[in-house]
Structures are given as C-alpha cells and as structure tokens.
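Colleague: Please show me the model, and then let me put some questions to you about it.

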Amino acid sequence: MEFSSGRNFMFRVPEGVELVGYLTDFAERHGISTGVLSGIGTLKNPRIGYFLEEEKKYKVMELTGTYELVSLSGNISIREGKPFIHLHVSLGGPDGKLYGGHLVEGEVFVAEVFIQELLGEPLERKPQDNGLSLWDAEKT
Amino acid sequence: MEFSSGRNFMFRVPEGVELVGYLTDFAERHGISTGVLSGIGTLKNPRIGYFLEEEKKYKVMELTGTYELVSLSGNISIREGKPFIHLHVSLGGPDGKLYGGHLVEGEVFVAEVFIQELLGEPLERKPQDNGLSLWDAEKT
Amino acid sequence: MEFSSGRNFMFRVPEGVELVGYLTDFAERHGISTGVLSGIGTLKNPRIGYFLEEEKKYKVMELTGTYELVSLSGNISIREGKPFIHLHVSLGGPDGKLYGGHLVEGEVFVAEVFIQELLGEPLERKPQDNGLSLWDAEKT
C-alpha cells in the first residue's frame, strides 16, 4: 500500500457525457491501474447510492435537476482485471443544501477533474461477504 | 492535460482575510499557473453560488454566521493572463447540516490549505456561450 | 510552508476500528510528520464537532447509525512532539442529506484512505488564545 508518484492529469470532461463511464474509459485509455481522483463542477440528474448493510446492496436515489458538484472524491483500482473507479460526491441544490453519497451516475454539465496516478503493486477489489467489493485491509 | 509535479505548499491562511482573494494573491506571488487546491477550516459569512443555466449567471447566497469548512476543493489555472482560482466548498452549521456550492467569498477564521502545483502546458479559461469560463474539453 | 513530495500511501482501514485513532497510529508507525489526507467510505455512529468561538470549545454531535463517508479531508502535522491528524468529514444519511464538521471519532465500516507525505520543516500546532491549536499563519 505504499506507492510512488505516477502521472498527473487535469482536464475538463466534455459536456453531456455520463461522468462515471467517461472516467472509467479515461483510466482504461491511459492505462491507469491505481490512482486518486478529485474534482468540482456541475452535474445533471445525478443518481447516488446509500449502502444498505442488511440488504447488502445500494439504495439508489435520483436527484432531479442541476446540482453544483461541490466535491468529487475517489480512487482508481483493479476489479476483475480492469480499472474500476469508486467515487463519492456532494451535490448542492439551488437553495445551497447538500446531498450526496456514492456516485452511481451523473450527466456532466461541467466537470474539472484531477487524477494522480500511483505506481506500485495494484490494489485489487475482491467480493466480500458484506456485498461490497473491497481491497484487502491494512493490519489493525 | 498531462502534468508533472511542481511545488507543494501547505499553510494556514491568516485569520480575518477574505479567502478567495488571499489564495489568488498567493498564487500570483508564488507564480503558480496550474495547480490543485484542498483544505479545511472555519469560515465566517461565506457567500456561495449556484449556477443558473438559463440565466447564464450565478445565484449568490450569503450564509450568516460561522461555518465549519468541511471541504474546500478546486484548482488554479489561467484566465485573462493571470492565475484564477475556482473553488467549491461544503460548510457545516451548528446543527451539523451542510450547505455549499461555488465559493464566491468568505472571511477566514481558520483555513489550512494544501496547494499542489502542476507543471506543463497551462490550462486556460475561455468564455463560453453558456456564460461560464472554461478550459477546452477533453475528447469524448 | 513549501514541501517536497514524500511517500504515498493508499489503503483500506480494517472494519470495526475507530478511524481517527487508527490513522494517528498509522502516521506514528510510518513516521509521517507532515501530510495531506483524503478518503471515502462508510462510517458508523460518527461524532462530529462544531467549534463554538465564544466558548472556545467544540460542540460535539453524535450521528446515530450508518453514514456514507462522502468526503474525508485533512492533514497531518506535529502537536506536542507527535503526529496529529486534523480531519473534516461530510456524511450522507439514507435520505441522501449531508451532515458534517470536524471528525471527533467514527467506527469504520469501510474507509479507503490516501495519504500524501510532505517533506520539509514540520508544521507545528501551538495553543492559541481562541482555544484552538494552530500552525503559525502565513503572512497577509
């Protein structure tokens, strides 16, 4: 879990594309196996998830309309042999109230994204008994 | 949109100054053209914006009082030949509820800020038809 | 307040541990004096603080149940000769509403954390008249 620094990417995602899919393609296209991701912008009709531990699945909520992407933070690692992006978002409505959770999908109005690649032994997501797909944990 | 790593700055912004103006001056003073910014702290009477797509301008809301600066995230790039800082914030009130959006301005009570400089072809903000000033987008 | 880049750590915190204590131990164990920290995940029964300026202390709120850790951001510096971690969090409930503030403590369900070590003159927290423990401020 110690990594050296790889490439840095900062860019604007094109208007109209779906954010999670676009960033997953970006990671594949540039061969990024491990990395950290952050960003800001504005999303339309984002769908966010809240994990239901007992049901072992996400409850998905759709927010209708346009939201300021107040924070986008997450990581890139390997799942089933491919780059997988895990993102959480906070989203601001027209009254300034914030909503958020796990980003399922969202249409980009504006997204300014920074990706910091990490080089080293890849972190791999493996299915867990709790219904999530996680890296091996550090020692306690 | 690929960058090498430049300098790292971590510091506390002086109490009482206006945050956006201070950070813009900081970037100018240190010659930072491109970078990523994050931070935490406490702000007073922050003014936040929500972009109104149809009106092509920000609706500005003033939050009265003191708010935990739960997240500060953004970037530095070039607009009209000078460093320009684009920041989004999430702000926590005394009841723990969060508000946020585009940071228009805020008085610093505490702000602990990290700036990571990026070196390479500068990203330049250019006026768009939608009323925003944006970098050229990546390819779809 | 200028630093060169040190080690990068990305890892999953073990389920069930208390997050602030675990990360403090992690910094001590790896000899990290200065750094920046971010992450996402899910926390249980987090306790968050809002600083009461007049009373010079935090009001602490406990959020009962499980919350998406929508953003975790903070830094590592020195207080009383040891690594000290200052973290702010935004937390999403089952209805997608966000709560947050200064993280006092929280039980980890999932926490995926990135730590970027910074090398240079350590930043030291010193007790202030306002009741907080802060680094010397930058010049205005």
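Predicted model: local features only at pLDDT ≥ 70, side-chain atom pairs only at ≥ 80, totals over all residues.

Modeller: Residues are numbered from 1 along each chain as its sequence is written, while chains are lettered from A and ligands numbered from 1 in the order in which they are written.

Colleague: Which residues of α1(C) are buried?

Modeller: Helix α1 covers residues 19-30 of chain C; helices here are DSSP runs of H or I of at least four residues, strands are runs of E of at least two, and both are numbered from the N terminus. Buried means 20 or more other C-beta atoms within 10 Å of the residue's own, exposed 12 or fewer, and partly exposed in between, with C-beta atoms placed from the backbone. By that count the buried residues of α1(C) are Leu19(C), Leu23(C), Phe26(C) and Ala27(C).

Colleague: Within what arc do the buried residues of α1(C) fall?

Modeller: The arc is that of the directions from the helix axis to the C-beta atoms. The buried residues line one face of the helix, because, seen down the axis of α1(C), they fall within an arc of 95°.

Colleague: Is Leu69(A) buried or exposed?

Modeller: Leu69(A) lies in strand β4 (residues 66-79) of chain A. Because Leu69(A) has 28 C-beta neighbours inside 10 Å, it counts as buried.

Colleague: Which element gives the largest share of the side of chain C that touches chain A?

Modeller: Residues are in contact if their C-beta atoms, placed from the backbone, lie within 7 Å. The contact takes 27 residues from chain C and 33 residues from chain A. Elements giving two or more residues to the chain C side are β1 (2-13), β2 (35-52), β4 (66-79), β5 (82-92) and β6 (98-119) of chain C. The largest share, 8 residues, comes from β1(C).

Colleague: Which C-alpha of chain C is nearest the axis?

Modeller: The axis in question is that of the rotation of 120° that superposes chain C on chain A. At 3.3 Å from the axis, the nearest C-alpha in chain C is that of Leu98(C).

Technical notes: Contact = placed C-beta atoms within 7 Å. Least-squares fit on C-alpha atoms with pLDDT ≥ 70 in both. Expected span 1.5 Å × (residues − 1).
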